[in-house]
Amino acid sequence: MSGRRIPVMIPRLGEEEAQAAADAVRSGWVAQGPRVARFEQEFAALVGAGHGVAVSSCTTALHLALVVLEVGRGDEVIVPSFSFIATANAVRYVGATPVFADVDLATGNLTVATVDAVRTPRTRAVIGVHQGGVPFDVAALRSAADGWGVALIEDAACAAGSTAYGQPVGAGSAISAWSFHPRKLLTTGEGGMVTTDDPACAARLRRLREHGMNVSAADRHASAQPVLESYLETAFNYRMTDIQAAIGLVQLGRLVGLVAQRRALAARYHDLLATIDGLVPVRDPAHGETNFQSFWVLINQEYGVGRDEVLAELAAAGVSARRGIMAAHLEPAYADVTSAPLPVTERLTRDSLILPLHHALTEDDQDHIVGVLRKLAG
Ligand SMILES: Cc1ncc(COP(=O)(O)O)c(C=O)c1O
């Protein structure tokens, strides 16, 4: 090894983002203001939603989605355990009980059957996660949730630029939560968004992210007349800054190119990995296209080497891979939750790993990574 290191992810940030952030600073308005408003409109348009409400993270977006749906104590919310822990945590923030459902082996996503298996009369909502960018079957889950009289929140943290049934993930969704953490395709450092088609829901979300005020601080500042605000409910400070939104506005223009580049690199991984027995890379589901935010590979028995050993060998060869997506029910924070058996979740979290995939990954890098995997297989 020549001291080369291949990171699992590098955010695509350039001089344009630096300039935009500097312009926001020079404007003298750095808190939530005009750039946040523009970012909301442009992001919502990009994902086919009527309204966007920018917040500080996807975690706070999920929290507000549950608050706005008035989910609370005594309610159950079905979530995949196979997700970043924020999905389950948000349910606890509102005092409700997370109920873990298993996922499909190929997509890592909830299905109508896995949700139905754990549904009870106390189920108020389901949080479907478009895991790693792979869209869940929105047509099936939305119509099942409607039939059950249960709200469907979409955790689209990873899914900007993914599509389902030919539409962007987010289109036709009652409420979706997004992340702009640097591990995602679009980043604002930290940051998130809630999108919805319902104007009343959007209006309440705007109030909830800003202390419950009936008028935003930006609007008060812009007014020539004194505006006496009032606080309509106990709420939160989950605002995004204009510096973040300035960066986000530049990032939006990169999305189409980033997705195309990732899909081309993923296709090349598929070709290279097809020659190694026992490695099953994530692929597009029948109903849509992933942005390949995470390129995970499931290790089957024929491969002959366990996941942790593979990770160690990759690390020794300068490749920063990651364990597969976590399972919340196996973490100490959820040790008190009794769930139905989650065999697919446990299989996926134990036997999968995430390979580097980002705009700066070269074919030479891919050959090196797959070379390590091939050599290990013997
Ligand atoms: C599925 C999912 N939901 C929620 C989050 C939380 O996002 P954030 O870091 O923006 O709070 C993540 C972050 O990795 C995620 O992958």
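**Stop one: an arginine and its partner**

Start by selecting R206, which counts as partly exposed because its relative accessibility is 29%; buried means under 20% relative accessible area, exposed over 50%, and partly exposed in between, with a 1.4 Å probe and protein chains only. Before going on, note that this is a predicted model, where local features need pLDDT of at least 70, side-chain atom pairs count only at pLDDT 80 or more, and totals for chains, interfaces and linings use all residues. Residues are numbered from 1 along each chain as its sequence is written, and side-chain values use heavy atoms, leaving out hydrogens and water.

The term stands for a side-chain nitrogen of Lys or Arg within 4 Å of a carboxyl oxygen of Asp or Glu. E40 lies in helix α2 (residues 34-46) and R206 in helix α7 (residues 199-208), so the pair ties together parts that are 166 residues apart in sequence. Helices (H or I, at least four residues) and strands (E, at least two) are DSSP runs, numbered from the N terminus. Is E40 buried or exposed? At 6% relative accessibility, E40 counts as buried.

Stay here and pick H51, in strand β1 (residues 51-55). H51 touches R206 too, along with others including A44, V194 and P199, not counting residues up to four places away in sequence; contact means heavy atoms within 4.5 Å. H51 is partly exposed, at 24% relative accessibility.

How many salt bridges does a search of the whole structure find? The search finds 25. Select E154 and R142 for another one, with the closest N and O atoms 2.9 Å apart. This pair links distant parts of the chain, E154 in strand β5 (residues 151-155) and R142 in helix α6 (residues 138-148), 12 residues apart. E154 is buried, with a relative accessible area of 1%.

Next, select E363 and R268, whose side chains meet in a salt bridge at 3.7 Å, N to O. E363 is in helix α13 (residues 363-376) and R268 in helix α10, 95 residues apart. E363 counts as partly exposed, at 49% relative accessibility. For a network of salt bridges, highlight E70, R204, R207 and E233 together.

**Stop three: an arginine without a salt bridge**

Go back to helix α10 (residues 255-273) and select R262. R262 is buried yet has no salt bridge, and the nearest side chain of opposite charge, D284, is 12 Å away. Here Lys and Arg count as positive and Asp and Glu as negative, while His and the chain ends are not counted. Which residues does R262 touch, not counting those up to four places away in sequence? Show M9, L185, N291, F292, Q293, L357 and H358.

**Stop four: the ligand**

Finally, select the ligand and the 14 residues around it, of which C58, T59, D155, S179 and K184 come nearest; a residue belongs to this set if one of its heavy atoms lies within 4 Å of the ligand. Zoom in on T59, where a polar side-chain atom lies 2.5 Å from a ligand oxygen atom. For D155, a polar side-chain atom lies 2.7 Å from a ligand nitrogen atom. S179 has a polar side-chain atom 2.7 Å from a ligand oxygen atom. Taken alone the ligand exposes 400 Å², and the protein buries 89% of that; accessible areas come from the Shrake-Rupley method with a 1.4 Å probe.

Definitions and conventions: A polar contact is a pair of N or O atoms within 3.5 Å; within protein, one must be able to donate a hydrogen and the other to accept it, and residues adjacent in sequence count only if both atoms are side-chain atoms.
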